[in-house]
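Work through the exercises below with the sequence and the model open beside you. Try each task before you read its solution.

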Amino acid sequence: MTTHTEVFDESRLVELREQLPIRPWRSKPRRFTWSVIIASLAPAVFVGLLYVFADIPGALLLVAVYLPVQIFASGLAAYVTRGTRGIADSVIIVNAIGATVFTGIILASLLGSLIIRGWAALSAHFIFQNNVYINPSTPLEYGGIGHAILGTFLIVLISAVIAVPIGIATAVYITEVRGRAVPYVRFFVQAMSGVPSVVAGLFILTTLVVTGALSQSALAGGLAYAILMLPTVARTAEEVLKLVPEELRTGALALGSTRSRTVFRVVLPAAKTGIITAIILGIARVIGETAPLLLAAGNADQTVVNPTGSPISSIPTYIFNNVALPYPDAVTRAWGAALVLIVLVAVLFTLARVIGARKPGR
Amino acid sequence: MANPDLGQRDLQAAATSHRGDRIFNRVVTGAAFTALLVLAGIAVFLGIQVIPAFQSQGLSFLTSTGWDINTDPPTAGIFGMLYGSLLIAGIGLVIGTPVALLLSIFLVFIAPPRVSRILTNFIDLMAAIPSVILGLWAFYILNSQAQVWQELLNQYLGWIPIFQNDSGNFQGTPFIAGFVLAIMMIPIVTSVTREVLGRTPPELINASEALGCSMWTMLRYVALPYGRGGIVGGIMLGLGRALGETVAVFFVLKIVFDTNWYHVIESGGGSVATLIVSRFGEVSGAFELNLLLAAGFFLFLGTLIVNVIANLIVTRTGRLQK
């Protein structure tokens, strides 16, 4: 390439460079647009008429009639505008849009049902009261998940206190100390991120709870959560520390700073927002995990603030216990708690996005 | 990381020349090995639980199916659970993988950038939905829909052995459990494949366009082969998550101690992770707890192997592509 550029004059070269990002597969002639519109309307109308006038179940109609007809219509439209080459394209485009719509419907159904069904349970006392004296059949005017919210915060706090320093230290080892074991440490952190949550709970159960070192408690639950949180914090923090410019490190060392002081006074402050993002993502990773808490933290109806000693409730275990009860009010409480939990997760993710969007090193 | 060789030598020298730094170095190195320590701890402490389980049950703990703790002698075998975990994860893969692949093709090659960015945010949110919420939704919303689909499958495709259903009971089938796992896997697999496909060099795409390739040909011969390793790795990461999934499956799968080989829309199936949680609530004593911990060890072993392979594949393709 470069040897031939002398042939063009300079202005032509600039023009060519500017052309590079243009994506030719995106430009479509007008006839294409029209045939796409017809090809997407005709099958929909056809199937809509069938749905109204013929007695075919909706699910069957969508999968066995609409999809084939839509693929056929799009294939025909593609054949008219682009010849045989267009048929495969149209099939893949229809299927890709179909997959996207499928995922969208599922997500909309999930979030929609959470909001609609959960809203009925929400009220001030639902957020603040606890579950003492509440039966599954008690009406919604009484009781709440205050104890579970407090429990979740306590357990997440404990796990963050344990997992965040270790996770950041692991990242510091990989990016700053750069010892010989870096590839192995990275490998183990990746392997640890695949540990199923129920196994983390079993591990804490068998090492601490069964042996009598701890009872089912916030501390035991927090330790199980820490196992799940550590890899997320370590991997995100590693990515963030990699973004800190090398000049900052060499500059600090050249000024006579020791290695540890460079890390604590220069590298970590420079990556502060990224580190906060790593912590938030770690918290968001664990906050909805249920299985480890079922095993390690147990369940309680009253508000518990003692981190050791007694079982404690949390939002996920509260939902778990109420889902399959044959009382409508208990189930509504589960939906309400689920709405609170998803709002917490969404807030954490938005926070991580907003903070993470800022540039590192400022 | 601009100059890793030079950096490493100098930093090592700086790190050992000062007493505070030596301590710092040791503390950080120690912390870095926590991951190894925890993994080894899980392997050892759950591993020793396998010994008494094998002493009482022999190898039939792994090869038979049953859970009769109160008989004398008690018998327990988790083969049906191990197989069931694989079966529902397999169903999840069959449903989830094409959707995830097509979804990432849509995000990378078809959708306008702005639409693609918004959808990506939603898919990340989907990945963050806690499994207990997924279970709640599946129990009340998906279940009734899935009944209809399964009856239709049985009605029209019942002559295929896997869609047989003699009982007429479509509740708690491996199909629903697999569908829930597919919903869990779609965002995980999509986020990996989207990234891999997005890294296809634009030169290659433009070149294939210039040669007259249609989009399908470009995908078939350029983008998919280019990202093959990453796509396979992403699918295996999703598989690892699906194998260890507990709570979402708990609400939609009826655990039966009888191997359900391939009747995917027949009520009843197995899952190791769900077995642990469902039996733990009413565990009868130290003996049964020991059996559950031993089952947990094999769950850990299986997911560890799948995850290690997945990570090796993803890391290797990541390096090749750079």
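This is a predicted model: local features need pLDDT of at least 70, side-chain atom pairs count only at pLDDT 80 or more; totals for chains, interfaces and linings use all residues.

Residues are numbered from 1 along each chain as its sequence is written, chains are lettered from A in the order in which they are written, and side-chain values use heavy atoms, with hydrogens and water left out.

**Exercise 1.** Describe the interface of chain A and chain B by its contacts and its buried area.

*Solution.* Begin with contact, which means heavy atoms within 4.5 Å: 88 residues of chain A touch 90 residues of chain B. Next, recall that the size of an interface is often given as the accessible area lost when the parts come together. For this buried area (found with a 1.4 Å probe and summed over both parts), the two chains give about 8000 Å², with 78% of it on carbon and sulfur atoms.

**Exercise 2.** Find the salt bridge between chain A and chain B, and then say which helix gives the largest share of chain A's side.

*Solution.* A salt bridge requires a side-chain nitrogen of Lys or Arg within 4 Å of a carboxyl oxygen of Asp or Glu. The count between the chains is one, and it joins the side chains of Asp124(B) and Arg353(A) at 2.7 Å, N to O. On the side of chain A that touches chain B, the largest share, 20 residues, comes from helix α4 of chain A, residues 85-119 (a helix is a DSSP run of H or I with at least four residues, numbered from the N terminus). Sorted by class, that side has 62 nonpolar, 16 polar and ten charged residues, where Gly is counted as polar.

**Exercise 3.** How many cavities of 30 Å³ or more does the structure hold, and what lines them?

*Solution.* On a 1 Å grid over the protein atoms alone, a cavity is a set of points where a 1.4 Å probe fits but cannot get out, and lining residues have an atom within 4 Å of a point. A volume is the space filled by probe spheres set on the points, which are joined across faces, edges and corners. There are two such cavities.

- The largest holds about 40 Å³; its lining includes Leu87(B), Asp258(B) and Gly270(B), and helix α6 of chain B (residues 79-110) supplies four residues, the largest share.

How values were computed:
On a 1 Å grid over the protein atoms alone, a cavity is a set of points where a 1.4 Å probe fits but cannot get out, and a pocket is an open set with protein on both sides within 12 Å along at least five of seven lines; lining residues have an atom within 4 Å of a point. Helices (H or I, at least four residues) and strands (E, at least two) are DSSP runs, numbered from the N terminus.
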